[in-house]
Amino acid sequence: MTATTATQTPPASLHAPVIGWFDQHARDLPWRRPEAGAWGVMVSEFMLQQTPVNRVLPVYEQWLARWPRPADLAAEPPGEAVRAWGRLGYPRRALRLHGAAQAITERHGGDVPSEHAQLLALPGIGEYTAAAVASFAYRQRHAVLDTNVRRVFARAATGIQYPPNATTAAERRLARELLPDEDERAARWAAATMELGALVCTAKNEDCSRCPIAEQCAWRLAGKPAHQGPPRRGQTYAG
Ligand code: SF4
């Protein structure tokens with residue numbers, strides 16, 4: 001891995017085009033609407049970990065209609081969560097979400113906590129999900145590093161086609177360097193980079209002609225050198 005700790009392009013020059021693109025092209029997804037709240041964001045993050053958006057959507061809607069608050073889910077046996085998980089795959093996630101709902105009910109009076117450390121202390125929640133909920137729901141400044149964001153940063157900033165199989169300290173450092181200073185803008189940047197990776201800078205057949213940072217992308221400017229790291233693990237979508 002040849003990740004850099006500093007970008008050749010000043011981070012701020014990436015912010016406006018990526019956020020501007022997001023303002024115009026972001027998908028209207030229910031967990032992005034204000035009414036989703038922190039619980040909706042958390043549910044979506046559990047479901048989206050290994051399942052694509054189109055399969056998550058119907059289950060997400062049913063889940064939130066049945067259990068609009070963490071306490072509603074916590075009051076039911078874990079088996080009900082697994083049953084409602086349906087065909088999303090990897091049903092252990094349903095049990096983890098149920099465990100997190102119980103802990104939220106017991107420790108936080110039924111409200112999803114807003115502090116990153118408190119989120120991280122919940123069962124079943126790792127660094128990524130804690131950062132995602134704090135950023136997307138509470139509009140805080142956190143580096144949110146999922147597969148899509150890591151790929152965009154690897155290409156645009158580091159100049160390589162794919163990030164390493166597991167997230168490295170260098171990637172976390174780079175992600176922090178790239179974060180806008182202000183909270184709301186950082187939250188928007190997190191969602192925008194994720195969407196850019198999902199819709200334009202995809203794993204295969206990236207569409208640089210539609211990319212708002214094509215003129216600054218280190219990998220594209222270098223002539224798109226071929227991947228030289230270890231073989232990549234496949235995308236682990238369920239089913
Ligand atoms: S220019 Fe192409 S490779 Fe670079 S970030 Fe944009 S879509 Fe990805």
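## Ligand site and local features

Trainee: Which residues are around the ligand?

Mentor: This is a predicted model, where local features need pLDDT of at least 70, side-chain atom pairs count only at pLDDT 80 or more, and totals for chains, interfaces and linings use all residues. Residues are numbered from 1 along each chain as its sequence is written, and side-chain values use heavy atoms, without hydrogens and water. Near means that a heavy atom of the residue lies within 4 Å of the molecule. The residues around the ligand are Arg155, Val200, Cys201, Cys208, Cys211, Ala214, Cys217, Trp219 and Arg220.

Trainee: What volume has the largest cavity?

Mentor: A cavity is a set of points, on a 1 Å grid over the protein atoms alone, where a 1.4 Å probe fits but cannot get out; lining residues have an atom within 4 Å of a point. Points are joined across faces, edges and corners, and the volume is the space filled by probe spheres set on them. The ligand takes the space of the largest cavity, with more than half of its atoms within 2 Å of the grid points as the criterion. The volume is about 120 Å³.

Trainee: Which helix supplies the largest share of the lining of the largest cavity?

Mentor: Helices are DSSP runs (H or I, at least four residues), numbered from the N terminus. Helix H9 (147-158) and helix H12 (218-221) each give at least two lining residues. The largest share, three residues, comes from H9.

Trainee: How many residues of H2 are buried?

Mentor: Buried means under 20% relative accessible area, exposed over 50%, partly exposed in between (1.4 Å probe, protein chains only). Helix H2 covers residues 37-48. Among its buried residues are Trp39, Met42 and Phe46. H2 is mostly covered, and the buried count is 10 of its 12 residues.

Trainee: Is Tyr90 buried, exposed or partly exposed, and why?

Mentor: Tyr90 sits in the loop between helix H5 (78-85) and helix H6 (92-108). Tyr90 is not a glycine, yet its phi is positive, about 45°. Because its relative accessible area is 40%, Tyr90 is partly exposed.

Methods:
On a 1 Å grid over the protein atoms alone, a cavity is a set of points where a 1.4 Å probe fits but cannot get out, and a pocket is an open set with protein on both sides within 12 Å along at least five of seven lines; lining residues have an atom within 4 Å of a point. The expected span of a helix is 1.5 Å times one less than its number of residues.
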